[in-house]
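Dear colleague,

Please find below the structure that I am handing over to you. My notes on what was found in it follow directly after.

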Amino acid sequence: MALILGRKVGMTQIFAEDGTATGVTVLAVGPCVVCQVRKQDQDGYNAIQLGFEDVRDKRVTKPLLGHFKKADVAPKRFLREERLAEEPTHSVGDVIKADVFAAGDYVDVVGTSKGRGFSGTIKRHGFQRGPETHGSMNVRAPGSISTKRRGPLFKGKRMPGRYGVDRTTVKNLRVVDVDADKNLLLVAGSVPGPKNGFVQVQTARTAPVKAAS
Amino acid sequence: MDLIREVEAKYGKKRLPVVHVGDTVQVDYLIREGEKERVQVFNGTVIAISGRGINRTITVRRIVQGEGVERVFPLHGPRVQAVRVSRRGDVRRAKLYYLRDRTGKRTRVKELLGEKVRREAAAIKAADEAAAAEEAAEAAAREAAAAESTDEAEAVEV
């Protein structure tokens, strides 16, 4: 298991030898600094806390500033913990770079999806659209939301509302290339969130079985 | 954005053929026939150039047995080995989609002639030769380095 924090840079494509193009997302990850080490006997669980991207002292709250001071690291913008099964071998101040992953690995990428504002049921929940012609007045409306017999609405009835800006995980993306010098990671496929959005890249929890070839 | 350009520079071709909309080109395209690979040449007129960076493609149109055929070639694609311009075209549009509605003699594109074209052609040729020379030099350097390393290995054995 490995975790690294970073930002989404954007997408492009790269060609394979046989001419097929693969859409890839470029992620600028790390270097991340271990800001805290959590141990079973002390905290009730094993984990390391990673920090990404330096930030001015002024930008962090005083409690956090104290936390960074204790660890003797520069204040970071983005902090996340990686849960470990065993006692962590890292110590505070260790640097984690993009080379924790190698080309061919499978990773899960966690990000915050793009905000879409107040969206209707078609965009938000994938409802069907009604006909536009033949006298139909029900084009993008959700339709009936309940019946007299069923009584009032069920909780969780899918309706229009705020959509996006959710924690979203995309699983099992293949790492195409790793550039530890430039702190870049190329993964095949798309990644949630806008460009410059924060992402967590971690070893895939349910890695696909590698092809026999 | 700059990081994207850097990544694309790493994966794309170092030099792209210089083509313009309206040019008549021959595209050398590597195709697979069973087990064998061979180069197929596609002749035609460039009717559109689209995409930026590594996504850049050209759309080439030709008439085969009275039927219009269009193929889109990714310029950075490894299967596209060369794009040779045989004739520059004098056009006023960025996309020549109007050629699709035309048949026979009206599908012709006027040739772009003049001093500027000759100068550009000469510049491209010079750049091509320089690149070829550089590549040859690089290959020679690699070979020399390889030879040296084997020499050393032999010396160690002795």
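A:Gln49 lies in strand β4 of chain A; helices (H or I, at least four residues) and strands (E, at least two) are DSSP runs, numbered from the N terminus. The model is a predicted one, in which local features need pLDDT of at least 70 and side-chain atom pairs count only at pLDDT 80 or more, while totals for chains, interfaces and linings use all residues. Residues are numbered from 1 along each chain as its sequence is written, chains are lettered from A and ligands numbered from 1 in the order in which they are written, and side-chain values use heavy atoms, with hydrogens and water left out.

Is A:Gln49 buried or exposed? A:Gln49 counts as buried because its relative accessibility is 10%, where buried means under 20% relative accessible area, exposed over 50%, and partly exposed in between (1.4 Å probe, protein chains only). Its side chain makes a polar contact with the side chain of A:His67, at 2.7 Å. A polar contact is a pair of N or O atoms within 3.5 Å; within protein, one must be able to donate a hydrogen and the other to accept it, and residues adjacent in sequence count only if both atoms are side-chain atoms. When neighbours within four places in sequence are left aside, the residues in contact with A:Gln49 include A:Val33, A:Cys35, A:Leu79 and A:Glu81; contact means heavy atoms within 4.5 Å.

The strand that holds A:Gln49 belongs to an open sheet of 4 strands in chain A, ordered β5-β4-β3-β6 with antiparallel pairing. Its edge strands are β5 (76–84) and β6 (95–96), each of which pairs on one side only. Two strands pair if DSSP finds at least two bridges between them. Strands β3 (residues 32–38) and β4 (residues 46–54) of chain A run antiparallel and are joined by 6 bridges; A:Cys32 has A:Phe52 in β4(A) as its bridge partner.

A:Arg56 sits in the loop between β4 and α2 (62–71) of chain A. With a relative accessible area of 56%, A:Arg56 is exposed. Its C-alpha atom is separated by 26 Å from that of A:Val165, which is 109 residues away along the chain.

In chain B, strand β1 (residues 24–33) pairs with strand β2 (residues 36–50) in the antiparallel sense over 10 bridges, and B:Gln26 stands opposite B:Asn43 in β2(B). These two strands form a hairpin with 2 residues between them, and B:Gly34 in the turn has a positive phi of about 60°. β2(B) is also joined by 5 bridges to the antiparallel strand β3 (residues 57–64) of chain B.

B:Lys10 forms a salt bridge with A:Asp177, the closest N and O atoms being 2.9 Å apart.

Yours sincerely

Definitions and conventions. Salt bridge = Lys/Arg side-chain N within 4 Å of Asp/Glu carboxyl O.
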